[in-house]
Amino acid sequence: MSISRRRFLQSLALTGLGSVLPSTAGAVARGEELATLLDIGKCIGCGECVAACREANQHKYPNPQKPFPKMYPDRVKVADWSERQDVDDRLTPYNWLYIQYADVTWQGREYELTIPRRCLHCTNPPCANLCPWGAALKQDNGIVRINDTICLGGSKCKSVCPWHIPERQTGVGLYLQLAPSFAGNGVMYKCDRCYDRINKGEVPACITACPENVQTIGPRSEILAMAHELAEKTNGFIYGETENGGTNTLYVSPVPFEEIDKVIDKGPGRPGFQPVDNAMAPEDKLLRALIFAPAAGVAAGILHTVRALQQDDHKGDDHAKK
Amino acid sequence: MPRSDRPARMVRHMYHLVVFGLAFTGFAQMPIFKRYYLADVPGFAWTADYYLNHRIHYLLAALLLAFFTYVIIVYATVWRSRWQITRCGLFSLGLWSGIVVTGIMRVMKNQPGMHFSPTTTMWVDWLHLGLVLVLGMVSGIMALGRRKILIPRS
Ligand code: SF4
Ligand code: SF4
Ligand code: SF4
């Protein structure tokens with residue numbers, strides 16, 4: 001067991017936080033993915049989690065060099081959030097978590113919901129699967145993050161993410177050392193589930209900061225069971241169990257997510273709660289073609305060989321006749 | 001290809017088409033076709049669709065795998081007595097093996113429930129792209145020098 005894992009076990013045992021399942025440490029040791037449960041019904045929208053995320057992750061925020069390299073072609077836009085670091089009502093490279101507001105009437109009751117939004121840490125993340133450069137990655141413990149020393153800021157992860165979560169900052173990263181005017185455009189940023197804190201055996205900042213214990217972290221199987229229990233108890237609804245093939249973020253809400261999706265502010269940096277099919281499902285099906293292909297090639301090869309041998313035989317017969 | 005009869009020529013053309021398709025859809029995995037206007041050309045908007053190109057890449061890779069296994073079997077059983085692989089041919093074969101292996105690894109990694117370490121994944125990505133670039137250069141040099149992959153056994 002690595003030192004960090006052992007420390008995680010010890011420190012989790014010591015924290016005794018209600019928001020950390022006791023089995024979390026064991027799950028990490030076994031290499032099981034961690035998931036979080038967000039009980040939307042409990043959130044009071046105080047924003048402590050947003051502030052905690054900023055404080056804990058400040059050292060990872062971009063520090064862009066200016067002026068930015070001139071971009072070719074001209075239409076390539078720079079994404080500069082460095083002068084607007086205090087924007088906290090959407091996702092930005094300097095704000096990886098924000099609170100979404102949903103005033104909904106459901107079954108005759110009015111709800112004023114506040115919902116913490118960030119990367120959902122998909123179980124089979126298209127951002128990491130399709131990053132052509134290996135910069136977006138998924139760790140053993142389920143954390144999906146972007147390596148800021150490798151990312152070129154091409155924003156593909158954002159395009160393929162069903163919620164378009166990662167946000168770009170121009171003027172930082174590896175592209176500056178390559179061909180800054182012609183390829184790349186900075187680095188993409190998003191919630192990394194405080195991977196460094198987890199490595200040190202600490203709990204993500206937004207979880208510990210919450211006065212209402214909105215979030216619970218633990219092994220996915222248990223978090224899923226908890227989500228179902230909670231949904232049953234409260235007549236609630238679950239988001240994240242099947243969306244995009246399953247995410248390691250399970251939201252439970254007293255109101256159906258279609259209703260929430262209708263009333264929330266959506267757009268750049270503001271993800272929805274729409275239904276999401278598994279983005280990688282067609283690839284899973286195409287795997288069959290890839291498995292079948294060599295067998296088809298072998299069959300065609302054998303057929304070719306048999307024909308060639310038969311032709312040789314015929315030729316032999318002809319010679320014999322002559 | 002050893003014989004210059006029609007089916008063999010057709011197979012060769014198909015092979016070139018599949019390889020071109022693979023290179024194209026492979027490069028389409030990088031965010032360049034939109035940036036450099038290709039996707040703006042009427043009828044070419046699909047070149048910026050990552051998912052579509054990714055799926056075509058899978059399909060073409062399946063065709064290529066079928067082609068390679070076919071050629072390996074036929075070479076081993078029929079062609080080998082009359083044709084021999086050149087040194088350039090062996091080098092290309094080595095590069096192709098690397099491309100196929102890294103490609104298969106990437107496909108495996110993309111399966112739900114499959115997990116490679118981030119460093120392994122990064123190396124697989126870089127090797128796949130790097131080997132393709134080297135193979136492209138080697139093939140270009142071979143074409144210029146009229147070097148063949150197979151030559152008749154003397
Ligand atoms: S700290 Fe907790 S209660 Fe406050 S906004 Fe965040 S999740 Fe909601
Ligand atoms: S929500 Fe988007 S950014 Fe987060 S893991 Fe899933 S695909 Fe990646
Ligand atoms: S897990 Fe960490 S990085 Fe992610 S939103 Fe919470 S505090 Fe921010």
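Me: A residue is near a molecule if one of its heavy atoms lies within 4 Å of it. Which helices give two or more residues to the shell around ligand 3?
Reply: This is a predicted model. Ligand 3 is surrounded by A:Cys53, A:Asn57, A:Trp96, A:Leu97, A:Arg118, A:Cys191, A:Asp192, A:Arg193, A:Cys194, A:Pro204, A:Ala205 and A:Cys206. The elements of chain A that give two or more residues to this shell are helix H3 (48–57) and helix H7 (205–209).

Me: How many nonpolar residues does the shell around ligand 2 have?
Reply: Ligand 2 is surrounded by 14 residues, the closest being A:Cys119, A:Leu120, A:Cys122, A:Cys127 and A:Cys161. Cys and Leu count as nonpolar. One residue of the shell is polar and one is charged; the nonpolar count is twelve.

Me: Which residues come nearest to ligand 1?
Reply: The shell around ligand 1 has nine nonpolar, two polar and two charged residues. Of its 13 residues, the nearest are A:Cys43, A:Cys46, A:Gly47, A:Cys49 and A:Cys210.

Me: What does A:Ile260 touch, not counting residues up to four places away in sequence?
Reply: Contact here needs heavy atoms within 4.5 Å. On that basis its partners are A:Ala102, A:Leu113, A:Ile115, A:Ser253, A:Val255 and A:Phe273.

Me: Which three residues supply 18% of the area that chain B buries against chain A?
Reply: The contact takes 47 residues from chain A and 38 from chain B. The two chains bury about 3,800 Å² between them, with 63% of it on carbon and sulfur atoms. On the chain B side, more than any other three residues is supplied by B:Arg35, B:Tyr51 and B:Arg55.

Me: How far apart are the end C-alpha atoms of residues 126–145 of chain B?
Reply: An unreviewed UniProt entry annotates residues 56–76, 88–106 and 126–145 of chain B as "transmembrane region". Residues 88–106 of chain B are 100% helix, with end C-alpha atoms 27 Å apart. Residues 126–145 of chain B are 95% helix and 0% strand, and their end C-alpha atoms are separated by 28 Å.

Methods. Residues are numbered from 1 along each chain as its sequence is written. Chains are lettered from A and ligands numbered from 1 in the order in which they are written. This is a predicted model: local features need pLDDT of at least 70, side-chain atom pairs count only at pLDDT 80 or more; totals for chains, interfaces and linings use all residues. Side-chain values use heavy atoms; hydrogens and water are left out. Helices (H or I, at least four residues) and strands (E, at least two) are DSSP runs, numbered from the N terminus. UniProt positions are given in the numbering used here, feature names are shortened, and annotations may be inferred rather than shown by experiment. Buried area is the accessible area (1.4 Å probe) that two parts lose on being put together, summed over both.
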